[in-house]
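Please read them with the coordinates open.

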Amino acid sequence: MRAGSSGTNVVGDEDRKACRTAAWALHLWGSGVNSRPYVVAIDVGATKFEAALVDGDGTLGERHRVETAGATTATGLADRLVDVARSACADGGRDIAMAGVGSAGPFRVAGRTIAPVNLPLWDGFDIHNCLAEGLGLDVVVAGDAQALALGEGWLGAARGHENYLAMVVSTGIGGGLVVDGRLLRGALGNAGHLGHVVVEPDGRPCGCGGRGCVEAEASGTALRAITGADPRSASVRLRRRTGTLVGRAVASVVATLDVPLALVAGGVALGFGEDFFDAAQLELSARARLSFARDARIIPAGLGDSGPLLGAAALAYNTMKET
Ligand SMILES: [Zn+2]
């Protein structure tokens, strides 16, 4: 494995890229059965980091995980990330083409520097450089929900679709947008922050500084604040209200971007189940009335708890296809 090999860090970026490209081409043409190499998929969340090898068919290797709690410095946290990624890379000594990373955001610099709201130690952390140096691999980084959107298009509920959005309705609310078959990244890498679509103009204050964002009304954090109780004990009425507000946010995005399919993942949405999705579809159908939008659907995402890692892998495979 390249990780930890002493020579890699002295090789310049361009040299390294050329070497990897050559290795990738050799692997592609030299292999008979499985013509696609492995990538290492890395999910960077607020509470844990997870990594696994993924092959070109979407088969996940062993999942390696480390908690973020207890880290006291940015470097200490970075060491945990590199260690867990190296552990995944060490599985089986396979040829690894690159690393794909889905990370908590937002980004300060697209694909490079993050300042996650829930990881205050990393206030402007260059995650790209950290992993490129730590693993000796080419690395591509996107938002976690952006990566999830790509994974859903590859192997999940958006397979065969080129225009859709993915949302995660969990502790917070995130999203990713695929338009014309391509992930939208935006100026600083933050396209798809669907949690901050306003659904109640005079609603609750939001952590972003605004008011009435869907994240401030329908996230797990918001529900806990509204009821004073665990969202899992929410009434049917509150489950339906949560679905309604998410459907309302989706209606605006569907009309804006002409994306007729919305996939929703995350513990709140999936935990609320039919109550959530029925109400969301009703609201979406009532609000999205333009001819191109009125058949839009909102459905559960398909990859379950493999979604973040398969999404990170999809990001890597997509990047290799484009270069
Ligand atoms: Zn907001």
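This is a predicted model: local features need pLDDT of at least 70, side-chain atom pairs count only at pLDDT 80 or more; totals for chains, interfaces and linings use all residues.

1. Five strands make an open sheet, ordered 11-10-9-12-13, with mixed pairing. Strand 11 (182-183) and strand 13 (297-300) are the edge strands, and each pairs on one side only.

2. Strand 9 (residues 164-169) and strand 12 (residues 261-265) run parallel and are joined by four bridges.

3. Strand 9 and strand 10 are antiparallel, with six bridges between them. They form a hairpin, and three residues separate the two strands. Leu165 has Leu177 in strand 10 as its bridge partner. Is strand 10 (residues 173-179) mostly covered or mostly open? It is mostly covered, since six of its seven residues are buried.

4. Strand 10 and strand 11 are antiparallel over two bridges. Two residues lie between them, and Asp180 in the turn has a positive phi of about 55°. Val179 has its bridge partner in strand 11, namely Arg182.

5. Now Leu284, which sits in helix 8 (residues 267-287). Why does Leu284 count as buried? Because 24 other C-beta atoms lie within 10 Å of Leu284, and the cut-off for a buried residue is 20 or more. Leaving out residues up to four places away in sequence, Leu284 touches Gly247, Val250, Ala251, Ala296 and Ile298. Leu284 and Arg297 are 13 residues apart in sequence, and their C-alpha atoms are 7.8 Å apart in space.

6. Strand 1 (residues 38-44) and strand 2 (residues 48-54) are antiparallel over six bridges. Here Val44 has Phe49 in strand 2 as its bridge partner. Strand 4 and strand 8, by contrast, are parallel over five bridges. Ser103 has Gly143 in strand 8 as its bridge partner.

7. How much of strand 8 is buried? Five of its five residues are, so strand 8 is largely enclosed by the rest of the structure.

8. The core comes next. The largest nonpolar core has 101 residues, and Val39, Val40, Ala85, Ala99 and Ala262 touch the most other members. Helix 9 (residues 307-322) gives the most to this core, with nine residues. Where does the core lie relative to the domains? Domain 1 (38-142 + 307-322) and domain 2 (157-301) both contribute residues, so the core lies between them.

9. Not counting residues up to four places away in sequence, Ala99 touches Val39, Val40, Ile42, Ala85, Leu131, Leu135, Leu137, Val139 and Ala316. Val39, Val40 and Ala85 are themselves among the residues that touch the most other core members.

10. Check the helix pair too. Helix 4 (residues 144-155) packs against helix 9 at an angle of about 80°, and the axes are 7 Å apart. That angle makes the two helices roughly perpendicular, because 65 to 115 degrees counts as such. On the helix 4 side, the contact residues include Ala147, Leu148, Gly151 and Trp154. On the helix 9 side they include Pro308, Gly311, Ala312 and Leu315.

11. Finally, the whole chain. The protein chain has nine helices and 13 strands. Of its 323 residues, 47% count as buried. Among contacts with a separation of 6 or more, 65% are between residues 24 or more positions apart.

Conventions. Residues are numbered from 1 along each chain as its sequence is written. Two strands pair if DSSP finds at least two bridges between them. A residue is buried if 20 or more other C-beta atoms lie within 10 Å of its own, exposed if 12 or fewer, and partly exposed in between; C-beta atoms are placed from the backbone. Two residues are in contact if their C-beta atoms, placed from the backbone, lie within 7 Å. A nonpolar core is a set of buried Ala, Val, Leu, Ile, Met, Phe, Trp, Tyr and Cys residues joined through C-beta atoms within 7 Å. Domain bounds come from an automatic or database domain assignment. Axes are lines fitted to C-alpha atoms, for helices over the stretch in contact, and angles run from 0 to 180 degrees between N-to-C directions. Angles under 35 degrees count as roughly parallel, over 145 as roughly antiparallel, 65 to 115 as roughly perpendicular and the rest as oblique.
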